[in-house]
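Lead sentences come before the grouped points.

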Amino acid sequence: MLTKANARSLIRELADDPNAKLWSNANLDALASATLDDLWATILSVAPWATSQLDTITTLASPGYVDLRLTTGGGDLTQRLYRLQTITRDDQSYGAIQPSSVTLQAGEVKASDNASYAFFVWADRLYLFPLDTTTDVEVRYSYLPTPFTTLNEGDTVGWPDGFDAAYTHEVAARAMLRGAREDPAGLRAIAAESFNRLLGAVSRQHLGPITPILMDSPLTWGSS
């Protein structure tokens, strides 16, 4: 696994800009950060458990919701949320409630009277029903790793071990698109091959088939 400094140096060499004539460190870091988030979104759609963070929230905001923003931004989560995995309170697992059972009124969320052990996501708020502000909640979720821009030079880039070519070559190829001065097709081909191998590696960590399940809501398929 590469450090931030190692990765940037390699990207510069691949993009034929070792002396930072075309890209400043700040702009190249921003490009790397955006590219890594793009690639991580694909990884987490193929392997929903490739990253997983468990946060315990001891006090919920009134009338009973978890703020899904980062703690540094005033929220409750320690990592950048991609998708919720499990919600548990008082040894009880919670499931997503149908939107038809939820009413948004006067800036507040209200659920049908029979809603129990259910949650509903509204923007950056995770409401748990019945509403309660005092009982601890365990929120497990997949997350986007720390942005490249905020890593220290010696920090390791958050990425599956052994597949650094997938993002370094992709960032270099995108950098070379500036001014269309060179054809980045070769770099993108290498990046795509490495990324496809990565997806195969992270899609399952064990041998043998598993029972297929749907990872999305029935609403995606037209149910109500």
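Accessible areas come from the Shrake-Rupley method with a 1.4 Å probe, and for residues only the protein chains shown count as cover. The accessible surface of the chain comes to about 12300 Å², and carbon and sulfur atoms hold 51% of that surface. This is a predicted model, in which local features need pLDDT of at least 70, side-chain atom pairs count only at pLDDT 80 or more, and totals for chains, interfaces and linings use all residues. Residues are numbered from 1 along each chain as its sequence is written, and side-chain values use heavy atoms, with hydrogens and water left out.

**Overall make-up**

- The chain has four helices and nine strands, where helices (H or I, at least four residues) and strands (E, at least two) are DSSP runs numbered from the N terminus.
- Along the sequence, these elements follow the pattern α-α-β-β-β-β-β-β-β-β-β-α-α.
- Of the 224 residues in the chain, 36% are buried; buried means under 20% relative accessible area, exposed means over 50%, and partly exposed lies in between (1.4 Å probe, protein chains only).
- Among contacts in the chain with a separation of 6 or more, 68% are between residues 24 or more positions apart; a contact means heavy atoms within 4.5 Å.

- Leu-28 is located in helix α2 and counts as buried because its relative accessible area is 3%.
- Apart from neighbours within four places in sequence, Leu-28 is in contact with Arg-8, Ile-11, Arg-12, Trp-23, Val-171 and Ala-175.
- The C-alpha atoms of Leu-28 and Thr-149 are separated by 9.1 Å, while the two residues are 121 residues apart along the chain.
- Glu-170 belongs to helix α3 (residues 164-176) and is buried, with a relative accessible area of 9%.
- Not counting residues up to four places away in sequence, Glu-170 touches Thr-35, Ala-165, Arg-188 and Ala-191.

**A patch of negative charge**

- Asp-90, Asp-91, Asp-136 and Glu-138 form a patch of negative charge on the surface.
- Patches are made of residues with over 30% relative accessible area and no salt bridge, with like charges joined within 9 Å and nonpolar side chains (Val, Leu, Ile, Met, Phe, Trp, Tyr) within 5 Å.
- A salt bridge is a side-chain nitrogen of Lys or Arg within 4 Å of a carboxyl oxygen of Asp or Glu.
- Lys and Arg count as positive and Asp and Glu as negative, while His and the chain ends are not counted; the place of a charge is taken as NZ of Lys, CZ of Arg, CG of Asp or CD of Glu.
- Asp-136 sits in the loop between β8 (125-129) and β9 (137-144) and is partly exposed, at a relative accessible area of 39%.
- Asp-91 occupies the loop between β3 (80-89) and β4 (92-96) and is exposed, at a relative accessible area of 79%.

**Backbone details**

- Most residues other than glycine have a negative phi, and most peptide bonds are trans.
- Asp-91, a residue other than glycine, has a positive phi near 65 degrees.
- Asp-16 is not a glycine either, yet its phi is positive, at about 60 degrees.
- Asp-16 lies in the loop between α1 (4-14) and α2 (25-46) and is partly exposed, with a relative accessible area of 47%.
- Ser-62 and Pro-63 are joined by a cis peptide bond with omega of about 10 degrees, and Pro-63 lies in the loop between β1 (53-57) and β2 (65-67).
- Phe-129 and Pro-130 are also joined by a cis peptide bond, with omega of about 0 degrees; Pro-130 is in the loop between β8 and β9.
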